[in-house]
Amino acid sequence: MVPSYISSTSIYRKPTHTNLYLKYSSASTPASKNAVIRSLTRRAYDLCSPEHLPGELSTVYNICLSNGFPPSLTSRIMDDVKRSLQPGRRLSSKKFQQMLPNNNPSVTIPYHPTLAPPLKKTLKRYDVDVSYSSAPNLRTLLTKTKSTPSAATTPNAIYRIPCPASYIGQNQN
């Protein structure tokens, strides 16, 4: 139930907002590209009042087109989101089966637009589940963003020493 003091809600975009999201031509997984459409559409349904929803859905559609997404793909995913939000919608048995854990071996590989899909298709024939990771880039190869502080510089830190007694202690500084 919407509180009486709220008349309507819509999506606010700052004047400096550029409507730039993941470009369809980028070397990203199809799932990542579809997630752009799905998340913008879902946000519209979740946050907009009924009087603002058609305008926001039109904006989402135009944003996707301006980022190079095919109109048919954009429309299909937006329709899928709308159907998924209808009350009383039940999972199909195929979707339910996909949600169940399996005991298949799995492998994670860097995503490459021409190599990863055929490799995934081949491995699927052998019941190997494939997931994608980001390919290493120059920044990740040349920088180390995390360092391990010494025990002397972290007083009162809780630590664990793996041993048969499973000792847990605290620095005394």
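Student: Which residues in α1 meet α3?
Tutor: On the α1 side they are N34, I37, R38, T41, R42 and Y45. On the α3 side they are L73, T74, I77, M78, V81 and K82. Keep in mind that this is a predicted model.

Student: At what angle do the axes of α1 and α3 cross?
Tutor: At roughly 45 degrees. The axes come within 9 Å. Helix α1 covers residues 30–47 and helix α3 covers residues 71–84. The angle makes α1 oblique to α3.

Student: What is the handedness of the crossing where α1 passes α3?
Tutor: The crossing is right-handed.

Student: Now α1 and α2. At what angle do they pack?
Tutor: About 165 degrees, with the axes 9 Å apart. Helix α2 spans residues 53–66. Angles over 145 degrees count as roughly antiparallel, so α1 and α2 are roughly antiparallel to each other.

Student: Which residues of α1 and α2 make that contact?
Tutor: From α1, I37, L40, T41, R43, A44 and Y45. From α2, L53, E56, L57, V60, I63 and C64. The crossing of α1 and α2 is right-handed.

Student: And α2 with α3? At what angle do those axes cross?
Tutor: Roughly 145 degrees, and the axes come within 9 Å. Here too α2 passes α3 in a right-handed crossing. The α2 residues in the contact are L57, V60, Y61, C64 and L65. They meet P71, T74, S75 and M78 of α3.

Student: T74 again. Is T74 buried or exposed?
Tutor: T74 is buried, because its relative accessibility is 0% and buried means under 20%. The residue sits in helix α3.

Student: What is T74 in contact with, leaving aside neighbours within four places?
Tutor: I37, Y61, C64 and F69. I37 is listed on the α1 side of the α1 and α3 contact. Y61 and C64 are listed on the α2 side of the α2 and α3 contact.

Student: Let me zoom out. How many helices and strands does the chain have?
Tutor: Six helices and four strands. From the N terminus, the order is α-α-α-α-β-α-β-α-β-β.

Student: What share of the residues counts as buried?
Tutor: Of the 173 residues, 18%.

Student: What about contacts with a separation of 6 or more: how much comes from residues 24 or more positions apart?
Tutor: Those account for 47% of the contacts with a separation of 6 or more.

Student: Switching to aromatics. How many aromatic pairs are there?
Tutor: Two. One of them is Y111 with Y132, an edge-to-face pair. The ring centres are 4.9 Å apart and the planes are at 75 degrees.

Student: Which parts does the Y111 and Y132 pair tie together?
Tutor: Y111 lies in the loop between β1 (106–110) and α5 (116–124). Y132 lies in strand β2, residues 129–133. So the pair ties together parts that are 21 residues apart in sequence.

Student: Is Y111 buried or exposed?
Tutor: Buried, at 12% relative accessibility.

Student: What else touches Y111? Where does S28 come in?
Tutor: S28 lies in the segment before α1. Not counting residues up to four places away, S28 touches L22, K33 and Y111. S28 counts as buried, at 18% relative accessibility.

Student: Backbone next. What is phi of N19?
Tutor: Near 60 degrees, a positive value in a residue other than glycine. Most residues other than glycine have a negative phi. N19 lies in the segment before α1. At 27% relative accessibility, N19 is partly exposed.

Student: And D127? What is its phi?
Tutor: Near 55 degrees, also positive in a residue that is not glycine. D127 sits in the loop between α5 and β2.

Student: How exposed is D127?
Tutor: Partly exposed, with a relative accessible area of 48%.

How values were computed. Residues are numbered from 1 along each chain as its sequence is written. This is a predicted model: local features need pLDDT of at least 70, side-chain atom pairs count only at pLDDT 80 or more; totals for chains, interfaces and linings use all residues. Side-chain values use heavy atoms; hydrogens and water are left out. Rings of Phe, Tyr and Trp (its six-membered ring) pair if their centres lie within 6.5 Å; planes under 30 degrees apart count as stacked, over 60 as edge-to-face and the rest as tilted. Helices (H or I, at least four residues) and strands (E, at least two) are DSSP runs, numbered from the N terminus. Buried means under 20% relative accessible area, exposed over 50%, partly exposed in between (1.4 Å probe, protein chains only). Axes are lines fitted to C-alpha atoms, for helices over the stretch in contact, and angles run from 0 to 180 degrees between N-to-C directions. Angles under 35 degrees count as roughly parallel, over 145 as roughly antiparallel, 65 to 115 as roughly perpendicular and the rest as oblique. A crossing is left-handed if the near helix is turned anticlockwise from the far one by less than a right angle, and right-handed if clockwise. Contact means heavy atoms within 4.5 Å.
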